[in-house]
Amino acid sequence: MSKQIILVSLTCFIVVIKALHDDLSEVNDWPKNRSAFGQLSAVDLDNNGNVVVFHRGNRIWDAETFSLNEVYRHIHDGPIPNDTILVFDALDGTLKQSWGSNLFYLPHGLTVDFEGFVWLTDVALHQVFKFTPDGKTIILNLGTKFVPGNDLKHFCKPTSVAVLANGDFFVADGYCNSRIIKYSSDGKMILLWGTKNYGGMLGVYRNHYSLEIPHALAILEDFQEVCVADRENGRIVCYDSYNGTYTWAFSHPSIGSRLFSLAYAPVCGGQLYVVNGPVTNKNVSGFVINKRTNNIVSQFGAGLKNPHDIAVSKNGSQVFVVELEPFKIHKYAKQIKHNQTQILQGNDEQLQKYFLDKWVISSAVVLVVFISFIVFIAMKVIKKRRDTTKDWIKPAMMDTMFRLHKLKDKQNIGHGFQRLKVNESDEDIGATIDI
């Protein structure tokens with residue numbers, strides 16, 4: 001009976017977990033216009049749920065792009081003439097807006113903050129920019145144009161920006177300096193941490209502050225953390241977003257030694273979405289990691305070749321991945337059946353309720369499985385103790401009974417009380433006893 005309980009509980013657990021983590025499936029024919037861009041370096045979602053991408057137009061980053069001292073070699077070509085920022089409707093993939101022509105030389109990172117401002121990094125310019133949502137005005141500009149460096153006024157190929165709800169922000173600086181810098185909302189430096197491996201093998205880091213190309217950043221507000229895609233060490237590393245102390249790290253053989261980007265959705269206890277990169281004997285794909293359980297719970301994007309960045313909707317229902325080559329934007333969506341007939345792809349309230357219900361059911365099943373397991377173990381222990389007690393008590397009782405029986409036999413041999421006669425006095429009895 002106990003074995004049947006365990007088997008049923010485990011079966012329920014597997015079924016619910018599978019339902020909880022419905023696979024992300026690629027949406028075909030998205031976006032509508034696929035010929036408007038070059039190498040795609042970054043992607044994010046704006047506050048209206050639109051997909052914003054950053055691309056390089058006719059520019060290609062190769063071995064001849066930078067000098068040995070990290071100076072961009074093609075300054076004379078001028079900025080990219082095309083609009084480098086494209087905004088797509090997340091549902092049907094139509095192009096809604098574009099801007100950014102004649103501004104950038106080699107785009108890299110893009111982040112849309114909670115107020116809708118657009119943060120961009122350019123590795124050729126060695127600069128970080130904050131734009132208004134329409135791209136018409138530069139609000140903040142950090143770094144010195146075309147001048148790489150490692151002091152507090154210079155970057156060297158900065159890769160990414162992440163912004164806190166209070167306006168403070170982080171810059172991953174990046175390909176040369178392998179450091180993370182925290183700034184106040186007005187651009188004043190607050191904290192700095194991180195060093196290169198310095199002679200260490202790729203994937204073999206000295207400590208949790210030793211980075212090899214911090215390539216992307218994500219804010220985990222509910223954990224008070226900023227997490228880094230430590231690209232050439234193949235891991236996620238997280239730090240306290242207030243003081244920069246190390247909090248958590250994750251790597252996995254399935255991901256391999258290169259992890260290019262990450263994004264976060266506050267669902268199912270917190271989930272990180274990551275893409276790895278080309279490496280020998282490893283498939284390139286996307287992975288979903290549950291922050292609380294510290295496990296890979298899903299995998300998607302089979303067939304990806306050179307993914308460079310990833311974005312996810314807040315409810316985890318839609319994921320977007322951009323590739324350097326081929327020049328592709330991929331959309332993945334959870335195919336959720338509603339009333340057995342309707343497919344939902346954009347209703348945040350319904351999807352949040354769906355995931356919450358799944359999470360509650362999953363947690364309940366886990367609890368049932370755990371209690372069943374404890375009961376099963378307890379029953380085994382009690383049975384074993386009973387068997388042991390029986391084995392000890394049985395010979396002990398037999399020995400005791402044998403001793404009592406023997407004692408009784410001795411008492412019956414001339415040592416019992418004599419029968420009292422009716423006509424005898426107390427004195428006669430006393431005399432008789434004295435004899």
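Me: Which residue in β21 stands opposite I289?

Reply: Happy to look at that pair. This is a predicted model, where local features need pLDDT of at least 70, side-chain atom pairs count only at pLDDT 80 or more, and totals for chains, interfaces and linings use all residues. Residues are numbered from 1 along each chain as its sequence is written, and side-chain values use heavy atoms, with hydrogens and water left out. Strands here are DSSP runs (E, at least two residues) numbered from the N terminus, and two of them pair if DSSP finds at least two bridges between them. Strand β20 (residues 286-290) runs antiparallel to β21, with five bridges joining them, and the residue opposite I289 is I296.

Me: Which strands stand at the edges of the open sheet?

Reply: Four strands make up this open, antiparallel sheet, in the order β18-β19-β20-β21. Two of them have a single partner strand each, so one side of each is left without a neighbour: β18 (259-265) and β21 (295-300).

Me: How many disulfides are there?

Reply: A disulfide is taken as a pair of cysteine sulfur atoms within 2.5 Å. C156 and C176 qualify with sulfur atoms 2.1 Å apart, and C227 and C238 with an S to S distance of 2.0 Å. The count is two.

Me: Is the disulfide of C227 and C238 left-handed or right-handed?

Reply: C227 sits in strand β15 (residues 225-230) and C238 in strand β16 (residues 235-240), eleven residues apart. The torsion about their S-S bond is about 105 degrees, so this disulfide is right-handed.
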